[in-house]
Amino acid sequence: MIELEGVPELIDPVMVAAFEGWNDAGDAASTAVAHLDKEWKGEVFAALDAEDYYDFQVNRPTVWLDGGVRKITWPTTRLSVVRVGGDKPRDLVLVRGIEPSMRWRSFCNELLGFAHELGVELVVIMGALLGDTPHTRPVPVSGVTSDPDLAQRMDLEETKYEGPTGIVGILQEACTHAGVPAVSLWAAVPHYVSQPPNPKATLALLNRLEDLIDVRIPLGELPEDARAWQVGVDQLAAEDSEVAEYVQTLEEARDTAELPEASGEAIAREFERYLRRRDGGGPTPGGHATVDGGDGTTGAWNPKDNPGGRTRPPKPARPEADTEAGSGTEAGAEDEDSSDD
C-alpha cells in the first residue's frame, strides 16, 4: 500500500507522463512534461527507488557541487503535482523519468499504485518517434489507446501496432489491464534532424494535450523557439542540395496524403479550436501545432549551441518503419537507443 502524506485531495486529477530514452525522439516528450512542471511550479512528492529499476552503467548518476559540497543525483522517476486554475480547476500528476532498465512490470505497477491512491481519472503518456515527416509542415501528433470505448469517446485511434515497444506501450497496456483509462500521444520528429531539442514537436504535444484534457497551458517562449528552430533547419537544409530535394519530396507526399483532410468539416474544427483558445486566454494561433512555424521570423536556432547533437541534417536515408502511432518507427528507431546514454 502506498501512503501519501502531505498531498492534498486532488481535483479531477490527470496523470501526465514522459520518459527519456527510446520513446523520446528529440527529447520532445520529456521536455513537454518538464515545461508543465516549470510553468506551474510542480511540487515533487515521490521518487521511485533508483536501485529497483536502473542499470547505473547505462544511466549513470551525476556528481555536482552545492556550495562546495559534493552531491550525487541518481537517475530515477519523480512525481509532482500541479494545480491548473481557471473556471474549472483541476490537478495534474506529472511523471518525469528515464525509461527503466529492468523490472518494467513492477515499475508500471508502482506508478499505478500512485494513480489509484491519488484518484487519477486518466493517464496520458507522451512520446516522440522518428518519422518520414518534413520539418516545414505541422508536426503530426497521434492519439492512440487500447480501449475501443475510449477511442470512440475521445476521437482517438485504437492502436494496431505490432512489434518492439518501449515503456510508453507497456505502461499504457498496464493501465488498460488495471481498468485505468489511458492515452498515448505520439509526435513525429523528422528523422533527418533528430537531435534535441525539438521545440516544434514539444509545442505540438502540449497543444494536443490541451485539447485532450481541456486545459489552458502557458506556452512561454515555446512558439518563438519553434519558429526559430524551423528557420535554423531551413538554413541547414538549404546548404545541402540532396537534403533540400529530399525535404521537397517529403512535403509533396505529406500534402498529397492530407488532401482529403482539407474538407469543410476539418477547417471548421480548426477554426473552432482557434476561437476557443483565443476566448479562453490560451495560446494564440501562432502557438498552435498546425502553424507553419518560422514564417516571418528573423531569429535562427543554431545547432552549434547544442554540442551533444549533429550540426547539420545527415544525408537522407529512409529508415524501415514499424508503426505504433500512425507513421515512422515506434519511439524513433533502434538508432534512437543512443539517446539513453
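This is a predicted model: local features need pLDDT of at least 70, side-chain atom pairs count only at pLDDT 80 or more; totals for chains, interfaces and linings use all residues.

Residues are numbered from 1 along each chain as its sequence is written, and side-chain values use heavy atoms, with hydrogens and water left out.

A pair of aromatic rings is described by the distance of the centres and the angle of the planes. Rings of Phe, Tyr and Trp (its six-membered ring) are paired if their centres lie within 6.5 Å, and planes under 30 degrees apart count as stacked, over 60 as edge-to-face and the rest as tilted.

| Pair | Centre to centre | Angle between planes | Class |
|---|---|---|---|
| Tyr53 and Phe107 | 5.3 Å | 85° | edge-to-face |
| Phe56 and Trp74 | 4.9 Å | 55° | tilted |

Helices (H or I, at least four residues) and strands (E, at least two) are DSSP runs, numbered from the N terminus. Because Tyr53 lies in helix α2 (residues 50–53) and Phe107 in helix α3 (residues 104–118), their pair ties together parts that are 54 residues apart in sequence. Burial is judged by relative accessible area, with buried meaning under 20%, exposed over 50% and partly exposed in between (1.4 Å probe, protein chains only). Tyr53 is buried at 4%, and Phe107 is buried as well, with a relative accessibility of 1%. Ring pairs also bring Phe19 into a cluster with Tyr53 and Phe107.

Trp74 is partly exposed, with a relative accessible area of 39%.

Asp37, a residue of helix α1 (residues 28–39), counts as buried at 13% relative accessibility. With contact meaning heavy atoms within 4.5 Å, Asp37 touches Gly42, Ser80, Leu94 and Arg96, not counting residues up to four places away in sequence.

A nonpolar core is a set of buried Ala, Val, Leu, Ile, Met, Phe, Trp, Tyr and Cys residues joined through side-chain atoms within 4.5 Å. The largest has 41 residues, and Leu185 and Ile213 have the most contacts inside it. Helix α6 (residues 199–213) gives the largest share of this core, 8 residues. Another core, of 36 residues, lies apart from it and has Leu10, Leu79, Ile167 and Ala174 among its members.
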